[in-house]
Amino acid sequence: MPVAQPVRSTTDLDHPDRFVRRHIGPDAAQQAAMLTAIGVGTLDDLIAQTVPANIRRPGALRLPAAASEAEAIARLRGFAERNQVFRSYLGMGYHDCVVPAVIQRNVLENPGWYTQYTPYQAEIAQGRLEGLLTFQTMVGDLTGLPIANASLLDEATAAAEAMTLCHQLVDAEDKTTFFVAAHCHPQTIDVLRTRAEPIGVTIVVGDVNELATVPTTLFGMLLQYPATDGSIADHRALVERVHAAGAKVVVATDLLALTLLTPPGEWGADVAVGSAQRFGVPLGYGGPHAAFFACRDEHKRHMPGRLVGVSKDVHGRPALRLSLQTREQHIRREKATSNICTAQALLANMAAMYAVYHGPEGLTAIARRVRALTTACLLYTSPSPRD
């Protein structure tokens with residue numbers, strides 16, 4: 001019978017399944033070869049020649065000892081178990097929903113989907129591109145606008161990008177005002193104020209019903225439809241006035257509501273933005289959630305983010321690709337029309353699959369049920385005429 005060998009060093013006790021071994025590629029010998037090729041002695045020498053000394057932190061960071069992957073997961077699980085889940089009544093763009101089990105298991109929990117970012121290699125990513133094209137088509141159908149992108153970071157930053165788009169389209173030195181309806185989500189208003197300051201835009205927040213005249217300095221306006229308090233208004237006359245003054249109209253909206261409401265593209269909106277969280281994406285303690293951005297065809301070259309387009313391969317068969325990439329900052333730098341290259345591809349695909357799973361009739365049925373429950377709640381909580 002073989003005799004068990006004694007432990008020769010403490011390294012024998014280290015767990016063999018280490019993150020470093022699986023995820024950090026070059027070993028010491030390979031690093032040395034690369035350093036020799038570029039003419040430096042150590043990695044510290046390379047950093048010293050690359051990063052200016054006045055922005056480097058002297059000394060080592062005071063960090064605890066590294067944990068193994070298994071230890072880190074156990075620690076994170078312990079943090080998660082301390083969370084207390086309550087029903088949220090916050091609203092303001094965040095609404096709980098049911099994630100269909102087939103989407104949770106086969107998209108959200110499937111590394112073939114959740115590890116993707118942007119499918120740059122179109123020739124090996126046709127299925128992923130098809131999922132994003134479905135998202136774009138869904139958004140275009142519901143907003144009533146002809147072209148949509150393959151998602152952005154969130155609703156607030158999408159609204160800020162829409163403001164920038166309007167500023168570029170209305171190219172006049174005296175057009176510096178962006179009117180934001182007071183019925184917009186407060187987090188969106190805050191982000192707009194932050195993004196407006198460095199580009200010289202003045203944000204005016206007010207009640208659209210009290211806007212007697214359209215300011216001559218106006219280049220754009222943001223409306224919320226439905227409003228943050230759930231109210232729904234007919235903005236057709238207001239949009240006509242804004243357009244007559246040479247300005248653009250952005251509408252922040254909700255995809256589920258648009259299964260019942262008249263799409264903003266049909267009553268004059270130039271841009272529609274919003275969050276796709278309502279379509280089968282968990283609240284996630286506030287995020288992440290995929291935003292959508294749709295606009296009129298003549299504005300497509302100013303649209304931020306990525307667009308999936310339908311083309312043909314060398315054999316004449318339909319093929320999908322990323323199109324209009326030239327306007328992004330990582331390609332054109334200072335000539336780019338957008339500095340956004342952040343997508344929520346996984347969550348956009350979840351929203352698209354949610355729409356496919358339920359179909360038009362299913363989505364409309366969900367929207368009608370939400371409306372019925374809301375109406376019943378209002379009737380129950382409103383004071384009776386005798387009160």
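Helix 8, which spans residues 155-169, and helix 9, which spans residues 186-196, pack against each other in this predicted model with an angle of about 45° between them and with their axes 8 Å apart. That angle makes helix 8 oblique to helix 9, since angles under 35 degrees count as roughly parallel and those from 65 to 115 as roughly perpendicular. The crossing of the two helices, helix 8 and helix 9, is right-handed. On the side of helix 8 the contact is formed by Glu155, Ala156, Thr157, Ala159, Ala160, Glu161 and Met163, and these residues meet Gln187, Thr188, Val191, Leu192, Arg195 and Ala196 of helix 9. Sorted by class, the residues of this contact between helix 8 and helix 9 comprise 7 nonpolar, 3 polar and 3 charged.

A search of the whole structure for cavities of 30 Å³ or more finds 1, and the volume of the largest cavity is about 50 Å³. Its lining is drawn from separate parts of the numbering, with Tyr117, Thr118, Pro119, Leu132 and Ala150 joined by Arg306, Leu322, Ala343 and Ala345.

The peptide bond between Tyr225 and Pro226 is cis, with an omega of about -5°, and Pro226 belongs to the loop that runs between strand 4 (218-225) and helix 10 (236-244). Another cis peptide bond leads from Gly287 to Pro288, where omega is near 0°, and Pro288 is placed in the loop between strand 6 (271-275) and strand 7 (291-295).

How values were computed:
Residues numbered from 1 in each chain as written. Predicted model: local features only at pLDDT ≥ 70, side-chain atom pairs only at ≥ 80, totals over all residues. Heavy atoms only, no water. 1 Å grid on protein atoms, 1.4 Å probe; cavity = no way out; pocket = protein on both sides within 12 Å on 5 of 7 lines; lining within 4 Å. Points joined across faces, edges and corners; volume = space filled by probe spheres on them. Axes fitted to C-alpha atoms, helices over the stretch in contact; angles between N-to-C directions. Helix = DSSP H or I, 4+ residues; strand = E, 2+ residues; numbered from the N terminus. Parallel < 35°, antiparallel > 145°, perpendicular 65-115°, else oblique. Left-handed = near helix turned anticlockwise from the far one by under 90°. Contact = heavy atoms within 4.5 Å. Nonpolar A, V, L, I, M, F, W, Y, C, P; charged D, E, K, R; others polar.
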